[in-house]
Amino acid sequence: MRGPLGAVIGRYPSSDGTTAVGGIIRHNRKCRDVACLVIFIAFWIAMIVNSSFGFNQGNPLRLTYGLDYKGNLCGDKHAHPGLRKLKLKYWLNPNQVYQSGVKDSQFKLSNARSVCLLDCPIPSEDSLNWVCDYPEGDIRLSTEDWIDRNYDYYEFLTPEMRNASLQLQGPCYPVIFPSVNVYWSCQFIARASNASLRHWQQMGGVSINEDIVIDKSIHRSINSRSSVLKRYMADIGKAWLVLIVCGGFLPLFLSVIWLLMIRHFVAAMPWITVAVFNILIITVTMFYYLKAGWIGNDAISPIIGEHDPYIHVSGRELNHLRAVAILMTFVMVVSILTSIAIVRRILMATSVLKVAAKVIGEVQALIIFPIIPYAILAIFYMFWISAGLHLFSSGQVIQNNCNTNCCAYDLVSKKVNCDRCCGYSIHYTPHIAIAIFFHLFGCYWATQFFIACSSTVIASSVASYYWARGETSPEIPFLPVFASMKRLIRYSLGSVALGSLIVSFVESIRFILESIRRKLKVAGATPDSWYGKMGYHTSHGCLRFVEWTIKSVNRNAYIMIAITGKSFCRASAMATELIMNNILRIGRVNVIGDVILFLGKLCVSLSSAVFGFLMLDSHKYRAAHNKISSPLLPVLVCWALGYVVATLFFAVVEMSIDTIILSFCQDSEEHQGTAQYAPPLLMETLNDQNEMQRLTQ
């Protein structure tokens with residue numbers, strides 16, 4: 001067994017190994033893990049460079065709007081002609097749309113001639129409507145006049161132009177099929193207007209295919225995985241106000257309220273937390289049922305604006321919501337049963353929360369300290385989300401290479417042109433995927449880093465309180481929180497960077513392996529044998545256990561870093577040894593305390609999700625240009641941001657408990673089972689017979 005540290009916690013050894021006299025937290029420390037701090041700084045420089053690439057090359061509008069046949073982005077005021085008001089993509093030639101949907105056809109919808117319009121055209125009931133190409137050449141109309149004429153200048157065409165139009169080569173094309181605005185693309189409805197079709201045939205127009213394929217071709221394009229993913233990312237940009245309110249301010253307010261209630265109503269808080277958690281998880285599940293259309297008539301619709309109520313268009317987003325609703329039902333049932341199972345253990349959590357409440361009462365700056373890392377993370381997230389949207393849309397607009405018949409009349413050259421008539425697409429190179437993954441990893445590392453910094457400062461402040469015997473000792477520093485921040489910045493940033501890097505690296509590996517596992521499952525390549533299946537699922541469980549273990553070890557390592565100033569690896573070893581020697585003392589009480597704190601974090605994050613649903617249900621996000629495709633991702637981001645904010649504030653209680661327990665165990669170990677440094681306010685709780693029995697069982 002190792003010798004007394006008394007020293008490691010309390011009177012600490014100086015850097016040369018000799019025990020110094022006096023002082024609660026020794027000031028003769030050294031900078032630790034400097035190499036990792038250098039790597040972290042270099043990583044931030046790389047993050048800035050990576051984000052600069054996104055800001056230079058990306059355009060978040062590409063995530064929402066389509067491209068016309070010239071490669072212009074619909075809604076782009078800098079395009080020629082100006083398309084600021086024209087945000088809807090409309091395919092002019094119905095036969096090209098049909099051809100793109102025919103099985104084994106080489107023609108792709110991206111090569112079909114398309115323009116940007118203000119609204120989706122509908123056929124006339126007694127004549128034939130036309131949608132003509134952008135006015136140029138001999139067509140002396142401004143874009144505004146073209147819009148006012150409902151995109152129709154057929155009467156101004158020369159006989160040659162009219163003949164080309166009747167061959168579906170433009171510049172004007174007949175409106176035969178009704179269409180609706182589905183995610184800023186005009187979705188054809190395979191129900192041709194008899195009057196318009198009769199007029200077209202009387203004028204000598206070529207045959208137009210009326211098969212349902214014309215409907216399915218556009219629908220398949222709109223519902224492709226890449227299109228759905230783009231819309232999800234665009235939803236984040238559109239719901240920025242929801243993210244700020246429900247992912248920023250609301251969890252800040254709720255977390256501070258929770259800390260104040262812990263301070264003044266500690267005995268009731270575990271019960272309140274469990275009850276509120278169950279109410280919230282049921283509420284969130286019901287919201288998913290509403291949006292999935294299983295309760296009421298409030299299901300999400302891909303159609304934007306007013307439309308025929310008999311027209312129904314389905315989308316992947318609705319299927320995703322239904323899948324999440326089923327998942328949330330399972331989580332809800334498990335959560336309620338679990339909360340019932342731990343009711344008898346709640347009294348144990350109450351005793352340990354009293355310890356944290358007493359610490360917060362004495363070091364009151366701990367309640368407001370998390371606002372500092374909160375503000376830093378808020379600024380970082382605003383930059384990161386903006387850069388992420390630009391990175392995700394940073395592909396290059398290039399013309400497709402097609403060998404199909406896409407001839408169209410060119411108003412400038414005044415002839416039918418069959419050269420370079422292919423459409424445009426956004427091309428994403430592999431390095432963009434790498435840049436996005438790097439950006440995601442950077443977010444996780446930065447988040448873990450700032451949470452670790454906050455935890456270390458809190459641990460250092462609580463340790464100062466404990467080993468100074470609370471308010472009775474003159475050695476406790478004035479404003480211990482700021483003294484702890486100074487020590488962290490001066491000596492331990494490298495150690496914190498290393499700890500957060502390890503967690504981020506393990507989580508990234510688990511994410512990659514989980515992605516591979518899902519792909520194998522989809523491809524049907526999972527093992528068939530019993531041993532193979534056991535190893536397949538066991539590996540997944542082991543990765544989760546390793547991740548949980550590392551996070552737990554890191555948290556205790558940060559405590560030892562705060563107290564001793566040791567390097568991350570040395571602090572981890574010391575914390576692990578101390579925990580293993582006292583596992584029976586601290587195991588049960590720590591686990592139950594952590595469960596209550598975890599439920600508290602979920603209460604804050606689920607509240608963010610509920611208010612996110614309510615805000616996204618307003619008219620602003622259900623119609624017009626701010627309509628979101630689905631509340632799924634914005635609500636999930638609100639939940640994640642709420643959880644991060646709650647983690648910052650709840651770390652005050654969490655780290656207080658862990659620091660007090662580690663300090664108490666070490667104090668007791670060095671003094672034959674009787675703690676010498678525990679301040680009177682803590683001894684009132686720790687020396688109570690029932691609570692002490694729970695601590696030592």
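Colleague: C120 first, then: is it buried or exposed?
Modeller: C120 is buried, with a relative accessible area of 15%, where buried means under 20% relative accessible area, exposed means over 50%, and partly exposed lies in between (1.4 Å probe, protein chains only). Please keep in mind that this is a predicted model, in which local features need pLDDT of at least 70 and side-chain atom pairs count only at pLDDT 80 or more, while totals for chains, interfaces and linings use all residues. Residues are numbered from 1 along each chain as its sequence is written, and side-chain values use heavy atoms, with hydrogens and water left out.

Colleague: Which cysteine is C120 joined to?
Modeller: C120 is joined to C186 by a disulfide, with 2.2 Å from S to S; a disulfide here is a pair of cysteine sulfur atoms within 2.5 Å. The link of C120 and C186 is left-handed, with -100 degrees about the S-S bond. This pair links distant parts of the chain, since C120 sits in the loop between β2 and β3 (130–132) and C186 in strand β6 (residues 185–188), 66 residues apart. Helices (H or I, at least four residues) and strands (E, at least two) are DSSP runs, numbered from the N terminus. As for C186, it counts as buried at 0% relative accessibility.

Colleague: How many disulfides does the count come to?
Modeller: The count comes to three disulfides. One of them is formed by C74 and C116, whose sulfur atoms are 1.9 Å apart. The torsion about the S-S bond of C74 and C116 is about -80 degrees, so that disulfide is left-handed. C74 lies in the loop between α1 (34–57) and β1 (88–91), while C116 lies in strand β2 (residues 114–117), so the pair ties together parts that are 42 residues apart in sequence.

Colleague: And what about C132 and C172, is their link left-handed or right-handed?
Modeller: The link of C132 and C172 is right-handed, with 100 degrees about the S-S bond, and their sulfur atoms are 1.9 Å apart. C132 belongs to strand β3 and C172 to strand β4 (residues 172–174), so this pair ties together parts that are 40 residues apart in sequence. C132 counts as buried at 0% relative accessibility, and C172 is buried with a relative accessible area of 0%.

Colleague: Changing topic: which residue joins K291 in a salt bridge at 2.4 Å?
Modeller: That partner is D617, the closest N and O atoms being 2.4 Å apart; a salt bridge means a side-chain nitrogen of Lys or Arg within 4 Å of a carboxyl oxygen of Asp or Glu. K291 lies in helix α9 (residues 269–291) and D617 in the loop between α18 (583–616) and α19 (632–670), so the two tie together parts that are 326 residues apart in sequence. K291 also meets D298 in a salt bridge (2.9 Å, N to O), and both K291 and D298 are buried, whereas D617 counts as partly exposed at 30% relative accessibility.

Colleague: Where does R622 lie, and where does D298?
Modeller: R622 lies in the loop between α18 and α19, and D298 in the loop between α9 and α10 (316–341), 324 residues apart. The side chains of R622 and D298 meet in a salt bridge (3.1 Å, N to O). Salt bridges that share partners join K291, D298, D617 and R622 into one network, and the structure holds 10 salt bridges.

Colleague: One more, on helix α8: where does α8 bend?
Modeller: α8 bends by about 30 degrees at L250, and a proline, P251, follows within four residues; the bend at a residue is the angle between axes fitted to the seven residues ending there and the seven starting there. Helix α8 (residues 240–264) has 25 residues and reaches 35 Å from its first C-alpha to its last, close to the 36 Å expected at 1.5 Å a residue, the expected span being 1.5 Å times one less than the number of residues. Several α8 residues are buried, including C246, L250, P251 and W258.
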